[in-house]
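Work through the exercises below with the sequence and the 3D view at hand. Each task is followed by its solution.

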Amino acid sequence: MTALPIPRGTPRVQYVADGVQTVFTYPFPIFASEDLQVFLNAGLQNTGYTVIGAGVGAGGHVTFAVPPAAGTAVTLHRRVPIERVTDFLESGPLPAVALNRELDTLTACLQQVAGDQEGMLRYPDTDLPASPLLPGRAARAGRLLAFDGDGNPTARAPVDEQALSTYLPRGPGAVGRPIRDKLADSVSVKDFGAAGDGVSDDTLAFHAALTAAKAVQVPAGTYRLTNTLTLAYGQTLAGVGQASVLTAAGAGFDLIHLPDGYATVSGLRLEGGAAGVRLFGRDGPCVQNLLSDLTLWEPCDGIVLDGYATPDRPCYWNSVNRVLVARPSRHGVWLTTSGAGDSPNANRFTGVRVYSLAAPTAGCGFFVEHGRYNNAFVDCEANLSPTAAACVRVGAGGDKNLFVNLYCESLGAVPNVQLDAGSRETAVVNLFSAAAGPAIYDFSGGAYTAVNAGYPEKNRLDRTRIRELVVEALRYDTEYVEPQGGGTVDLDLTSSVYLVSAYGGAVTVRLPSSGSANGHAVTVKKTDASPHPVTVEEIGGTGPDGRAWALGNRYDWVTAVSNGAGWWVVAGNTPAGNAGYWTRPGLFSPDLNQALYLVSAWSGAVEVRLPSPSAAHAVGRTVTVKKADQSTTPVTVTTEGGGGPDNQAIVLSDFGHAVTAMSNGAGWHILGRNP
């Protein structure tokens, strides 16, 4: 804000429109465009005009997009907040621009107060002294203001016959009220000149009614509008249902704006417009607004919830109930963010239906482009033309949105539910997918949960923790794998059981890296009787239990689980891992993970040293050591701490010599020996 010279005069100017003129001058300075109030007749305007000249000392002008109708009173009024905007520090600098700005603001506020006083009843300057005080509340209640013999205010008994007429409801406890008070309970747009004939421009009548009253009724009729209706905080605009029709005279503007909180729009049919209803936090947080029992016919976008410009004014906790959006050219319901504000959160949609009725639709029935944290859509329907992008779409800015009892239908291959890459934790429960496209068209990488969600995805529960599970019928997702000529197959773990046929040649199935599969369990089973093996390996890793796992016979199988660091075998039948083979000379200390050790002393003598019989991994174990080479070099079996099985070192000197021993915790005991 820069310093402005504030000339003498009242900061208000009025014109009478001629139906042609669009530019109206205001001959006083304003600091910002928001400081200028624009009225057409008695209705305060929020859209449909542009303010030029803010910050200019000579003033500026207002340009209307559409010329005001002939005979309309156009009022331009400067209205600035009465507040202190600058604080000068003790012994600090006193810049002239800051001082001038503060004095300009104070002068503008004084002119504003003086202008307000011009419209007040007051004593003339030449009047003799008189009391300005009204009688007390009890003394003036139900009476008329009058003046006594000295000209001082007093209260008299009412003499207005209309005011004396009373209305008394039927029933015990009813209290009589003046007819005038009874009629004032409900304000109608027709009280402010609306015709409702479908021909007259009723915009100014609606603006005047919404400026004058908190709750405005719309009687049956067709009301033609040429500009947006704006509901302030806590206002209500209510009709009588399909008979109360608001129709846009053009497609370039929204019919209704809710830029603040706690407003209600109900019982109306809205026709046309860029958007039927737009909710956004411009004047305050856009919260706790209610849209109910509405029909929106042929808008570009039906209902738009916009996070708008600042996170301090969010679009949260609004409710949309029993609404039909018919023949939208783009989106039926659209959650988005047009500026730097937060995405729409925790809004509730119940019984909302978007229906193309054979008209082309370019967008989606419900498009959660930006929407986080429990926007809930319950008992909603999207029945769209084949030109639509999707019945329901969750964009990259969608996170933790919930769809329950969702009905999707189209005559074309339109996706029922599309999840864009970047969307997270969408939940779909009870999806009736009657469109020919996929039930869930997923680009999110599986970042969703689905229960009874249509073909092909009936149920998808990700990362669910259950304390106690009672299962009557446990079923596994299986996949049959049979490469025509054998080869390598990488498993994506979309199934839990893989039935693999190596009939056409040896097959290697590769598990994904254990680091990307923490918690996954997978079973691989060989199903054919060919001699070709099925080998289980790991992409970029060592494989189950640290090695490749071979399934050589029909019906051989292995089950492995990843803990994020490796794949571990937890079940299988006659796995090849039961035998180990050792060929290096010197000391060999077996870990007893195998029941049979084939030891070659071809390269030099080998000492097989069994662990202490009291070791935790030895107690109860049975192990066989067999010499597997034809040299005369010995293989000697000993135990940790000296001696060996049956307290003696066992020498295996010839090919095929073997000893089998078991630990009972106190010692290794020979169960069998050759020779």
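**Exercise 1.** How many residues does the largest nonpolar core have, and which of them have the most contacts inside it?

Solution. The model is a predicted one. Its largest nonpolar core has 66 residues. Leu237, Leu246 and Ile256 are those with the most contacts inside this core. Helix H5 (residues 203–212) supplies the largest share, four residues. A separate second core has 20 residues, among them Ala601, Ala615, Val623 and Val637.

**Exercise 2.** Find what Leu237 is in contact with, leaving aside its neighbours within four places in sequence.

Solution. Start with the other two residues named for the most contacts inside the core, Leu246 and Ile256; Leu237 is in contact with both Leu246 and Ile256.

**Exercise 3.** Locate Tyr262 and Asn405, and state whether each is buried, partly exposed or exposed.

Solution. Most residues other than glycine have a negative phi. Tyr262 has a positive phi of about 60 degrees, and Asn405 has a positive phi near 55 degrees. Tyr262 is in the loop between strand E19 (256–258) and strand E20 (264–271), whereas Asn405 lies in strand E33 (residues 402–410). Buried means under 20% and exposed over 50%. Tyr262, at 44% relative accessibility, is therefore partly exposed. Asn405 has a relative accessible area of 34%, so Asn405 is partly exposed.

**Exercise 4.** Is the peptide bond from Asn674 to Pro675 cis or trans?

Solution. Most peptide bonds are trans. The bond from Asn674 to Pro675 has omega near 0 degrees and is cis. Pro675 is in the segment after strand E56 (668–674).

Methods
Residues numbered from 1 in each chain as written. Predicted model: local features only at pLDDT ≥ 70, side-chain atom pairs only at ≥ 80, totals over all residues. Heavy atoms only, no water. Core = buried A, V, L, I, M, F, W, Y, C linked by side-chain atoms within 4.5 Å. Buried < 20%, exposed > 50% of the residue type's maximum accessible area, 1.4 Å probe, protein only. Helix = DSSP H or I, 4+ residues; strand = E, 2+ residues; numbered from the N terminus. Contact = heavy atoms within 4.5 Å.
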